[in-house]
Amino acid sequence: MHIQDFADRVFIIDNREDEIKDLKRLLEEQDIDVSVFNPETDGEPHALKKNRQLIFVDLMLDEDASKKKSNLSRLIMLLSKIIPVGFGPYGLVVWTKHTDSEDELKKIISKSVNVEQSQLPTEEDEMGGEMPHLRVPPVFIVTMNKNEYIEKNSYDTVLSDIEGVVKKSNAGFFFMSWTTSVNAARNKSIVDVYSICKDYEHYDENISYLLYQLAINHTGVNTGNLTVDSYKAFDELLYADL
């Protein structure tokens with residue numbers, strides 16, 4: 001199981017292009033679509049219209065480690081703006097030189113996810129303003145130390161390292177392996193059924209008849225809702241291929 005089997009779209013938030021260009025290149029070499037947002041040059045962020053299975057974030061977006069809390073606040077605000085309701089599941093990869101801030105980030109994300117249930121004035125003071133609401137929280141959070149790659153001036157192992165870090169997370173490993181398995185089973189089910197029909201002059205009619213037979217075989221009778229019954233028949237095929 002490799003990252004390219006799991007992720008086809010990735011989003012990166014970082015203010016240092018020189019520190020993500022090789023990561024971006026390696027991801028793109030695996031046919032992964034990569035978008036980058038630089039908060040210093042790209043202006044106001046816009047909500048993403050499609051899901052990204054992985055979002056890479058740098059913790060210190062202004063390079064001043066003494067402003068840790070304001071940097072974390074800024075990051076949560078950016079995430080709350082780019083991730084709309086209905087975005088779907090994603091993993092958060094903390095791509096940073098400041099790995100010691102991972103626990104603090106997790107604490108703030110927990111607060112931002114539950115901000116509507118609990119508004120704490122002390123937290124507003126700590127974050128330097130109103131707590132942003134992260135409406136779609138990540139399904140897992142892992143941390144990568146970008147210094148390791150900067151110091152050796154090589155990113156050759158970064159993809160396998162990401163896979164290794166995600167696999168060490170129970171939440172990350174399940175999400176990655178389940179998504180990969182379902183995608184593979186879905187593709188196999190569709191190809192297996194549709195490839196039965198070889199006559200492209202009458203392709204739609206043949207596929208319609210085949211789907212009708214699958215639906216009837218699943219229910220035993222014509223329920224009058226062949227679309228739903230066909231979906232259920234494909235669910236069985238999908239389950240069989242998992």
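Predicted model: local features only at pLDDT ≥ 70, side-chain atom pairs only at ≥ 80, totals over all residues.
Which residue in strand 5 is the bridge partner of Val93? Val142 is.

We've got an open sheet of five strands, paired in parallel, and the order reads 2-1-3-4-5. Out at the edges you find strand 2, residues 33-37, and strand 5, each pairing on one side only. If you ignore direction, neighbouring strands here are turned by 20° against each other on average.

Now zoom in on strand 4, residues 91-96. On one side, strand 3, which covers residues 54-57, runs parallel to strand 4, with four bridges joining the two. To pick out the residues, Ile55 has Leu92 as its bridge partner in strand 4, and Phe56 stands opposite Val93. Then there's strand 5, residues 140-145, which pairs with strand 4 over six bridges, again in the parallel sense.

Strand 5 is mostly covered, with five of its six residues buried.

What packs on this sheet? Helix 2, residues 21-29, lies across strand 1 (9-13), strand 2, strand 3 and strand 4, and runs at about 160° to strand 2. Helix 7 packs on the sheet as well, touching strand 3, strand 4 and strand 5, and its direction makes about 140° with that of strand 5.

Those two helices also meet. Helix 2 and helix 7, residues 158-168, pack at an angle of about 85° with their axes 10 Å apart, so they're roughly perpendicular to each other. Helix 2 brings Leu23, Leu26 and Leu27 to the contact, and helix 7 brings Val158, Leu159 and Ile162. By residue class, that contact is six nonpolar, no polar and no charged.

One more helix pair, and then I'm done. Helix 8, residues 170-194, and helix 10, residues 226-241, have axes that come within 8 Å and cross at roughly 120°. That angle makes helix 8 oblique to helix 10, and the crossing is right-handed. From helix 8, the contact uses Val182, Ala185, Arg186, Lys188, Ser189, Ile190, Asp192, Val193 and Tyr194; from helix 10, it's Phe234, Leu237, Leu238 and Asp241. How do the residues of this contact divide? We get eight nonpolar, one polar and four charged.

Methods
Residues numbered from 1 in each chain as written. Heavy atoms only, no water. Pairing = 2+ DSSP bridges. Axes fitted to C-alpha atoms, helices over the stretch in contact; angles between N-to-C directions. Parallel < 35°, antiparallel > 145°, perpendicular 65-115°, else oblique. Left-handed = near helix turned anticlockwise from the far one by under 90°. Contact = heavy atoms within 4.5 Å. Nonpolar A, V, L, I, M, F, W, Y, C, P; charged D, E, K, R; others polar. Buried < 20%, exposed > 50% of the residue type's maximum accessible area, 1.4 Å probe, protein only.
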